[in-house]
Amino acid sequence: MKFGVGASQLKQLTPEDAVSLASKMGFDFFQWMPIVKGEKGWAKPGQYDYDLERITALGREAKRLNVPLLSMHLPYLPSHEVKDGFINDTVAAAKAAGARFIIVHPLAYGNYREFFRKFYEMCRAVNLELLLENPSAREKDIGVKIPTVSSPLQFLGLVKESGAAVCYDCNHAIRTGLDPVDFYAMVAKFTKVLHISDAGGESNARHAPIGDGGIDFTRLFNLIRASKFNGHIVIELENSQYQELQKHLDILKDEFSGKLALQNMMQTN
Ligand SMILES: [Zn+2]
């Protein structure tokens, strides 16, 4: 099992500083995302800074620090903002970064089935793997009035039709009102990356530390072990404090090396 942290958890930092911090904390990889020119946060497709020189340098530095830019994460696609040439540019950026996965949240807009099939083929041609992430369905979360692919059956159908594999996010699952453990059971055999954070519950949290929301992590982690998952886990805490990221990394490393650290953590909370 490998553990990563994403650019969206270290938004306060430049990508260069975020990679350096992830390395110091002991993460195994970094989930990179394209940024808006001159800014640090999540971007819309038309605004990406695909500065290949900077991306190549970042990818090299990340590798040197043992936190390779394994996955490149994009927001909700496709939408009316996705123009011709976008996939080409995205694939070129992912290659420059030295990535293995491109992770996308699918929207059910226009000819989206064709879009993801084409995207998958273009990734495959250059040895990249396209992963579809189960999206959060709430309009206010994603800021667009386009239906997402949130029901497990619809999502699973798109995965099979496109050829892509799955990035499973338990936070998104519970925020669509689904049981995150049952949803994972449906997609487990297609899953290559897991996004872990707590959500829902009484506080109606999102991307919160484990224990602050309503996800039954004991059940979820038992199923992850039972499914023999041995891929990549990204800890996705929003606006997290660095201590919280470090604590989660240490707990999850112990948890999946047989020490069942989660139970101890829940007892001390
Ligand atoms: Zn996610």
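At what angle do the axes of helix 1 and helix 2 cross?

1. First, a reminder that this is a predicted model. The axes of helix 1 (residues 15–25) and helix 2 (residues 52–64) cross at roughly 10° and come within 10 Å. Angles under 35 degrees count as roughly parallel, so helix 1 is roughly parallel to helix 2.

2. Do have a look at the residues behind that contact. Helix 1 contributes P15, E16 and V19, while helix 2 brings L58, E61 and A62. Sorted by class, the contact of helix 1 with helix 2 has 4 nonpolar and 2 charged residues, with no polar ones.

3. Strand 6 (residues 165–169) deserves a moment too. It is mostly covered, with 5 of its 5 residues buried. In a regular strand, side chains alternate between the two faces of the sheet. Here A165, C167 and D169 point one way from strand 6, V166 and Y168 point the other way, and all are buried.

4. Now for the neighbours of strand 6. Strand 5 (residues 129–133) runs parallel to strand 6 and is joined to it by 3 bridges, with L132 opposite V166. Strand 7 (residues 191–196) also runs parallel to strand 6, through 4 bridges; here D169 stands opposite H195.

5. Lastly, please check the hairpin. Strand 8 (residues 198–200) and strand 9 (residues 205–208) run antiparallel and are joined by 2 bridges, and G200 faces A205 of strand 9. There are 4 residues between strand 8 and strand 9, and G201 in the turn has a positive phi of about 70°.

Key: Residues are numbered from 1 along each chain as its sequence is written. This is a predicted model: local features need pLDDT of at least 70, side-chain atom pairs count only at pLDDT 80 or more; totals for chains, interfaces and linings use all residues. Axes are lines fitted to C-alpha atoms, for helices over the stretch in contact, and angles run from 0 to 180 degrees between N-to-C directions. Angles under 35 degrees count as roughly parallel, over 145 as roughly antiparallel, 65 to 115 as roughly perpendicular and the rest as oblique. Two residues are in contact if their C-beta atoms, placed from the backbone, lie within 7 Å. Ala, Val, Leu, Ile, Met, Phe, Trp, Tyr, Cys and Pro count as nonpolar, Asp, Glu, Lys and Arg as charged, and the others, Gly among them, as polar. Two strands pair if DSSP finds at least two bridges between them. A residue is buried if 20 or more other C-beta atoms lie within 10 Å of its own, exposed if 12 or fewer, and partly exposed in between; C-beta atoms are placed from the backbone.
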